[in-house]
Amino acid sequence: MSTTRDEQESPEPPAGPAPGGDPEFHPYHHPAAGWGAAESVSRFLMREGSLVDGPRAIMRMNHENGGFDCPGCAWPDDTKGLHLDICENGIKHVTWEMTRKRVGREFFAAHSVTELAGWSDHDLENQGRLTEPMVYDPATDHYVPIGWKDAFELVGRTLRELDHPDRAAFYTSGRLGNEATFLYQLMARELGTNNLPDCSNMCHEASGRGLQASLGTGKGTVDLKDWERADALFVLGVNAASNAPRMLTALAGAYRRGARIVHVNPLVEAAATRTIVPHDFTDMALFRTTPTSTLNLQPRIGGDMALLRGMSKAILEQAESDPRALDREFIERHTAGFEEYRALCRATSWQEIEHQSGLSRVDILDAARVYGEADRSVISWCLGITQHEHGVDTVREIVNLLLLRGNLGREGAGPSPVRGHSNVQGNRTCGIDHRPTDAFLDRLAEVCGIEPPRRHGLDTVGTIKAMHSGDVKVFVGMGGNFALAAPDTPYTWAALRSCDLTVQVSTKLNRSHVVHGRRALILPCLGRTEKDHQRRGVQSTSVEDSMSMVHLSVGMKRPASPHLLSEPAVVAGMARAALPDSATPWEWYVEDYDRIRDTMARALDGFEDFNRRVRMPLGFRIKQPARELVFLTPSGRAEFSTAVLPDVVPAPGTLVLGTMRSHDQWNTTVYSDNDRYRGVKNLRTLIFMNRADMRERGIADLGPVDITSTAKDGSQRSLEGYLAVPYDIPRGCAAGYMPEMNVLCALCDYSTQSDQPIMKHVGVTVSPAARAGGTGRETA
């Protein structure tokens, strides 16, 4: 691997807690959730000392009247007012935030940044909540206290001294509420830049671009009621039991009412088998399980598009003898490009479809039969679809299949991307977009009285490159853990260290605080569970779930420290310091968030009468034109796409690796070295492989291996001494955990369709370890 001197000096990225024993692997055969989840939650609450606060929080989470929104996934709140609309991961996430542990000036005085850089990521976060703003002192290699006023002045002065606004980048994770999001993008644009990278650039960018091209909208069209009315549910590239556990309730309900459920994933995950929903007390008491699938298909990694093309081909072939197989009236009235798509499907051979999908024609016809027999179908997907070179084309192929049978604009039907973080969709809705439309900017200029820049800004990949080259000198991160979430870890770390100033707005200590610029600030903020007291009383914030519902969240706990500021207050403080002559009433906004919402109501489509509507039970759903069969596309219709099938078959001797989370993990936060649903204990530095691929390479079960990726530019990246775990995964495919395996994902390997890092389709070679001893070593 070609590296610069800075990269060579980057330490090996530690990750995960210290091992709790010898690595173990025992295939998991139990239902998802149920008593396994209950036991795991109980142990976690005991370990964190939250046997009182934890249950109190559980009773307030995801409630429509005075509750707070779970800071975990973006699955919608139950439409029936369920009192325990919670899950194992949500409880862990909230408990992790509510910890009694604190990280104050005494901690930073006792530990240098160099020392902290050697700690594991689990140990960093496990120190507890940050309590006051800190600034890095290069003379002592320690963070030292700084007052809020001086911290804001440091940010403001550095931004004012830049020779161009595009020398700064403003990153957003999905944790940021809508009100802070709106102020954040307003600050960046008033400064003069659209450099607004966000976590969507690494996750669902392909979904937004694909849906926009096909339907004229960047969002799914369904809501939770549609899931409850669908005759067939297709779940693609989603590990629901870990990524969106509350989906299990919908899947169990669908099975009980006779709906067909098809899971498509290279790994058969626990959520694709059976479940006991914890809040179903009768099932828990009787240990009664409910199946969550009627068909499981395991395509090769990246083979989903070929599967979808095969299903469309089957439907079109059936239509030659049975006209009812297609919704011809819908196609004629609402779509464009059908004949071209039909010709493409005819021209695509079954041999090629089988070869690229890794599935048999029989398997594909089984899935097509389920789809064809259902009157109403929902197709859902997550990062297993999007983090590929051809992610946009695959999302458009999903829409193609839906259009054939008119599965759009009616109850129980439509596309449904599963967003992974609680407000990542709201961030984009409220202006975090490095490619804003002219219509959005025109409205912002009119309502807020600024002149926003028109040139497109930098996304995540572009920002990392620009920091590395010195073109971006200031990096501000609102939440998240950018140093670990981004690909090509050593390159990203060198990029951050090249900045003049890095600013991290956070609740807990993490890797991004010890991988920093020449100057660095840690600005601690309130968590979502905490009361937000402002001049005009306790404030609420709003979030948008993955199905476009917007609702309020109100914290319940006393803040972890009296020195914490809310996210809107932090943004306003930075903005006032950077824009001292600004006419924007930053301080006035922070006094009462209703004032921010009133401005948002005038600036954002779909947010009219915001303050009244968001206080309605369950909030309100943002109007979705495509749901009403209004398509904001060039043709004014839903557009079929005609992309050729990509070649996703690995070259001889190589495997295709997909990175993923373990079950006991949320994004970059690792709670333990266990992955219950995959049967792994005390191990994260692993690679899941097909047993035949292991035998072919002379690799024993849990044997140490070296893994090497080769990027488009020919550079190589390696991990040494990982352990190989035999798993039910198609031949030629492998999987392992992020963030450890982000090292293998070259920054230059990003999708030309979506600009997303290709983190689910990494070409690797795997061989028995060249040297004994140690695991997880990164080599150049």
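This is a predicted model: local features need pLDDT of at least 70, side-chain atom pairs count only at pLDDT 80 or more; totals for chains, interfaces and linings use all residues.
Colleague: How many aromatic pairs does a search of the whole structure find?
Modeller: The search gives 21 aromatic pairs, where rings of Phe, Tyr and Trp (its six-membered ring) pair if their centres lie within 6.5 Å; planes under 30 degrees apart count as stacked, over 60 as edge-to-face and the rest as tilted. One of them, Y341 with F640, is stacked, at 5.4 Å centre to centre and 20° between the planes.

Colleague: How many residues apart are Y341 and F640?
Modeller: They are 299 residues apart and link distant parts of the chain.

Colleague: Why does Y341 count as buried?
Modeller: Y341 counts as buried because its relative accessibility is 0%; buried means under 20% relative accessible area, exposed over 50%, partly exposed in between (1.4 Å probe, protein chains only). F640 also counts as buried, at 7%.

Colleague: Which geometry do F607 and F610 adopt, stacked or edge-to-face?
Modeller: F607 and F610 are edge-to-face, 4.9 Å centre to centre with 80° between the planes, and both are buried.

Colleague: Changing topic, where does the charged end of R613 sit?
Modeller: The charged end of R613 is over the ring of F620, 4.0 Å from its centre; the criterion is NZ of Lys or CZ of Arg within 6 Å of the ring centre and within 35 degrees of the ring normal. R661 lies over the face of W666, at 4.1 Å from the ring centre.

Terms used. Residues are numbered from 1 along each chain as its sequence is written. Side-chain values use heavy atoms; hydrogens and water are left out. Helices (H or I, at least four residues) and strands (E, at least two) are DSSP runs, numbered from the N terminus.
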